Amino acid sequence: MSGGGPPRKRNFKIEAFKHRVELDPKYAERTWKVLEHAIHEIYNHNASGLSFEELYRSHYVLNLLLHKLVKEGFLLSAYNMVLHKYGEKLYDGLQNTMTWRLKEISKSIEAAQGGLFLEELNAKWMDHNKALQMIRDILMYMDRTYVPTSHRTPVHELGLNLWRDHIIHSPMIHSRLLDTLLDLIHRERMGEVINRGLMRSITKMLMDLGPAVYQDDFEKPFLEVSASFYSGESQGYIECCDCGNYLKKAERRLNEEMERVSHYLDAGSEAKITSVVEKEMIANHMHRLVHMENSGLVNMLIDDKYEDLGRMYALFRRVPDGLSTLRDVMTSYLRETGKQLVTDPERLKDPVEFVQCLLNEKDKHDKIISVAFGNDKTFQNALNSSFEYFINLNNRSPEFISLYVDDKLRKGLKGATEEDVEVILDKVMMLFRYLQEKDVFEKYYKQHLAKRLLSGKTVSDDAERSMIVKLKTECGYQFTSKLEGMFTDMKTSQDTMQDFYAKKADELGDGPTLDVHILTTGSWPTQPSPPCNLPPEILTVCEKFRAYYLGTHSGRRLTWQTNMGTADIKATFGKGQKHELNVSTYQMCVLMLFNSADGLTYKEIEQATEIPASDLKRCLQSLACVKGKNVLRKEPMSKDISEDDTFYFNDKFTSKLVKVKIGTVVAQKESEPEKQETRQRVEEDRKPQIEAAIVRIMKSRRVLDHNSIVSEVTKQLQARFLPNPVVIKKRIESLIEREFLERDKVDRKLYRYLA
């Protein structure tokens, strides 16, 4: 054979005999006997001696007779007769023969004892399958011609149906088979090793007989027995195990059932059996598990049991309402513990520690949600809502968060990398987002930032600006415009002082060096403060600067904020010991009095300086009562300052440091009067914002009822604060009085905008 490429495939084609076929009346009977004998031989494992070509031809001739008769011109009735006579005879003969054989096989299976029962059933099933394959090959022509036209069951399917009816549904086999399968599964659940290969063959047999056979004769009873088994087992576990161990056992059982399906059950059973385990072991005990004493969800959260929490989450998400139950319990726990934290009087004594506790709690539960709950957004939302709830229970939270930032930007970030700073500031911003009164935070933050800038105590300008950028991103330009203005003033002041000394150096001579910060009114949180009496040396320089500045900037006014300044003064003590003291402006004014007097009473100091009483007492307390900083001494000795005290220059003062910083004794938190004052300022600042929101809304809507206005105003302003409905009502009344709005003449609950 020459040429490349594979040989052409020849299609096999069955054609009728070319010569005339004479019909022998006894031929059909003889032919059937041959076929019947062959079927018995196949079941007896003697098929090797059979001529399949002869058998095929015998069955083929029976079917071909009808084609020949039609070709010879016989009537249609003759065609039907032949079809009925030979096709039906062949088919019925096959059915009867197979039925007889299967009844004999059933007796053999029934006789098998103990563990041999399934092996015998499987062996006979394998034999039956092989026999069916051979019989179908022999009777292929009948399968293709007679079966479709007569609407009979195909040979292979017929064999399966007969096996089902005479073997599987045999009264002596049916219940025994089910009991055996269920018993083996039970023994495997109890830890015994079973023949999984044999189990797989049997369950596959049931599936081959049709999904309905598998489901009705095995799966449904299997699921019922499994439900009963796991109901009893779970009840036993729940009584003796803690939550963590119970969940491990439930997880193990669930995995075992999935493994069982993969080894010898139909894949469609997985969802059904896992549903049974989930219902009996998890759903039915869900509430008891999460609330279990000393080991439930709350204890897992407290003890950071990530593995147990992850297991609980994975199992509970498989059952209806499982995750919502977890979320509800977690939310309840968070709100209760958070409420205790923000209302604990001991915690409130230290604002920095207070905020650090909040951050620690947030970090702790963020990690739980990330590690154990797969970063589930619904749990993250529940965590956020819980924090928002309890942080706003304490109306000092805005102040405390600002104090925390102040502490970090003053000293807490020394030595920290840029990345560390960003992490801390991002965490603070996270708490800031929970605040409902962001405008209160803004008030305090402005005060604290002002003190840092004016005292030069900020640890990093970059960190300060980063914080402002974050606030600007969160709340918009309006929120931070004044904060940015403060930085601008600091830079402008620096340039102004350089120019002042460049132009006035000759006039100043060797007098005190002055460093002035020019603060724009409105940008800084300055409050009207009566100026104290400055020492003559200082006052002279101040007046020269005033003349320079007003000469350079026409139309401006300067007001000295002596309560916000600092000073460096040189002092000589007994035995000639010299120190450089870093003090506040008020402290400087007090100390300079002792250049001309050895001792002064409180009244004399107050009269000479005109420092406000509250500030003066704190000032004197820091100069006379703080160990290691007591450059003054007072009589009588006590920790508090009274109006009857007398103060003396402390000649015996010593310090290892040349430069001594004397801070002012001041409470880190605001006093109650200061707090009330800040609150009043905040409330006053809110009024124009509420009115502006009302006017914007009414200008757009023209006519609106009272409740809708309250709702719209709250929606517009909630990014800064939650306006009080009572205050909104008062601002509406104010706008009506000023003729921005009017009430509807018919419906008094409606308001109209007046252009």
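User: How many cavities of 30 Å³ or more are there in this structure, and how should I read such a count?

Analyst: Rolling a probe the size of a water molecule over the atoms shows where empty space is left. A cavity here is a set of points, on a 1 Å grid over the protein atoms alone, where a 1.4 Å probe fits but cannot get out; by this rule the count comes to two cavities of 30 Å³ or more. Please bear in mind that this is a predicted model, in which local features need pLDDT of at least 70 and side-chain atom pairs count only at pLDDT 80 or more, while totals for chains, interfaces and linings use all residues. Residues are numbered from 1 along each chain as its sequence is written, and side-chain values use heavy atoms, with hydrogens and water left out.

User: What is the volume of the largest cavity, and which residues line it?

Analyst: A volume is the space filled by probe spheres set on the grid points, which are joined across faces, edges and corners, and for the largest cavity it is about 50 Å³. Lining residues have an atom within 4 Å of a point, and for this cavity they are Ile-168, His-174, Leu-177, Leu-178, Leu-181, Leu-206 and Asp-217. Helix α8 (residues 174-189) provides the largest share, four residues; helices are DSSP runs (H or I, at least four residues), numbered from the N terminus. By class the lining has five nonpolar, one polar and one charged residues, where Ala, Val, Leu, Ile, Met, Phe, Trp, Tyr, Cys and Pro count as nonpolar, Asp, Glu, Lys and Arg as charged, and the others, Gly among them, as polar.

User: Which residues line the second largest cavity?

Analyst: Leu-35, Ala-38, Ile-39, Ile-138 and Leu-139 line the second largest cavity, whose volume is about 40 Å³. Helix α1 (residues 27-43) gives the most to this lining, with three residues, and the classes are five nonpolar, no polar and no charged.

User: Which helices supply the lining of the second largest pocket?

Analyst: A pocket, unlike a cavity, is an open set of points with protein on both sides within 12 Å along at least five of seven lines. The second largest pocket has a volume of about 260 Å³, and of its 13 lining residues the closest to the centre are Leu-453, Asp-461, Met-490, Lys-491 and Gln-494. At least two lining residues come from each of α21 (438-455), α22 (461-475) and α23 (477-508), with α23 giving the largest share, five residues. The lining divides into three nonpolar, five polar and five charged residues.

User: How do the axes of α16 and α17 cross?

Analyst: Two packed helices are described by the angle between their axes and the distance between the axes. Axes are lines fitted to C-alpha atoms, for helices over the stretch in contact, and angles run from 0 to 180 degrees between N-to-C directions. The axes of α16 (residues 322-343) and α17 (residues 351-371) come within 11 Å and cross at roughly 165°, which makes α16 roughly antiparallel (an angle over 145 degrees) to α17. Contact (heavy atoms within 4.5 Å) joins Tyr-333, Leu-334, Leu-341 and Val-342 of α16 to Phe-354, Cys-357, Leu-358, Glu-361 and His-365 of α17. These contact residues divide into seven nonpolar, one polar and one charged.

User: At what angle do α10 and α11 cross?

Analyst: The axes of α10 (residues 211-240) and α11 (residues 243-264) cross at roughly 160° and come within 11 Å, and these two helices are therefore roughly antiparallel to each other. Their contact residues divide into six nonpolar, one polar and five charged.

Note on methods. Parallel < 35°, antiparallel > 145°, perpendicular 65-115°, else oblique.
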